[in-house]
Amino acid sequence: GKDKELIRGSWESLGKNKIPHGVIIVVFVCARLFELDPTLLTLFHYTTNCGSTQDCLSNPEFLEHVTKVMLVIDAAVSHLDDLHSIEDFLLNLGRKHQAVGVNTQSFAVVGESLLYMLQCSLGQAYTAPLRQAWLNMYSIVVAAMSRGWAK
Ligand code: HEM
């Protein structure tokens, strides 16, 4: 219903090239990770030269990961009517994150970054219902990924 319209409309308004928006996510995720849990940065291989937010931004592996995040969000938006059809994909994605040592609480940082990016890009169009609609969708994605941690 209304939620789906808000999500689709705002996602389309970001245009075809989602990477510049992804870069905003990187900046924010990076800054937040340093604040919340700098050890997460060590999960990316390049970490030896990732000593600050600035270092992250010049790091191809971190930038590539953001592209991967954006593709997953894009897939979720495309499957809003049948999110369960990507459940297995998300569960496997969760497993891969468990394997590299991510914990499920860290996904909140990415969610926060996504909202921050939308706020920056949408301006006035970033409303409370829109924020809530995105939060709902992102929690479904994270819940599906988190099933990858179940024994
Ligand atoms: C892969 C870290 C959150 C999507 C990876 C890898 C690491 C990683 C270390 C493997 C290396 C790589 O492919 O770059 C993290 C951390 C996160 C996080 C620390 C949270 C703080 C997310 C979220 C999504 C996501 C929320 C999507 C909504 C992906 C994808 C891959 C990946 C699609 C590639 C998996 C594959 O190779 O099939 N992540 N990730 N990540 N991540 Fe994340």
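Two salt bridges are present in this structure, which is a predicted model. Side chains of opposite charge can pair when their charged atoms come close. Lys-4, Arg-8 and Asp-81 are joined in a salt-bridge network.

The pairs are listed below.

| Salt bridge | N to O distance |
|---|---|
| Asp-81 with Lys-4 | 2.9 Å |
| Asp-81 with Arg-8 | 3.1 Å |

In the salt bridge between Asp-81 and Lys-4, the closest N and O atoms are 2.9 Å apart. Asp-81 sits in the loop between helix H4 (60–78) and helix H5 (87–99), while Lys-4 belongs to helix H1 (residues 2–13), so this pair ties together parts that are 77 residues apart in sequence. The other salt bridge joins the side chains of Asp-81 and Arg-8. Arg-8 is also in helix H1 and Asp-81 in the loop between H4 and H5, so that pair ties together parts 73 residues apart in sequence.

How exposed are the residues of this network? Asp-81 has a relative accessibility of 58% and counts as exposed, because the cut-off for exposed is over 50%. Lys-4, with a relative accessible area of 26%, is partly exposed. Arg-8 is likewise partly exposed, at 29% relative accessibility.

Helix packing comes next. Two packed helices are described by the angle between their axes and the distance between the axes.

Helix H6 (residues 107–122) and helix H7 (residues 128–146) have axes that come within 11 Å and cross at roughly 150°. H6 and H7 are therefore roughly antiparallel to each other, since angles over 145 degrees count as such. The crossing of H6 past H7 is right-handed. On the H6 side, the residues in contact are Phe-107, Val-110, Gly-111, Leu-114, Leu-115, Leu-118 and Leu-122. They meet Leu-130, Arg-131, Trp-134, Leu-135, Tyr-138, Val-142 and Met-145 in H7. By class, this contact of H6 with H7 has twelve nonpolar residues, one polar and one charged.

H7 also packs with H1, at an angle of about 95° and with the axes 9 Å apart. H1 and H7 are therefore roughly perpendicular to each other, because that term covers angles of 65 to 115 degrees. From H1, the residues Asp-3, Leu-6, Ile-7, Ser-10 and Trp-11 meet Pro-129, Leu-130, Ala-133, Trp-134, Asn-136 and Met-137 of H7. The contact of H1 with H7 divides into eight nonpolar, two polar and one charged residues.

Note on methods
Residues are numbered from 1 along each chain as its sequence is written. This is a predicted model: local features need pLDDT of at least 70, side-chain atom pairs count only at pLDDT 80 or more; totals for chains, interfaces and linings use all residues. Side-chain values use heavy atoms; hydrogens and water are left out. A salt bridge is a side-chain nitrogen of Lys or Arg within 4 Å of a carboxyl oxygen of Asp or Glu. Helices (H or I, at least four residues) and strands (E, at least two) are DSSP runs, numbered from the N terminus. Buried means under 20% relative accessible area, exposed over 50%, partly exposed in between (1.4 Å probe, protein chains only). Axes are lines fitted to C-alpha atoms, for helices over the stretch in contact, and angles run from 0 to 180 degrees between N-to-C directions. Angles under 35 degrees count as roughly parallel, over 145 as roughly antiparallel, 65 to 115 as roughly perpendicular and the rest as oblique. A crossing is left-handed if the near helix is turned anticlockwise from the far one by less than a right angle, and right-handed if clockwise. Contact means heavy atoms within 4.5 Å. Ala, Val, Leu, Ile, Met, Phe, Trp, Tyr, Cys and Pro count as nonpolar, Asp, Glu, Lys and Arg as charged, and the others, Gly among them, as polar.
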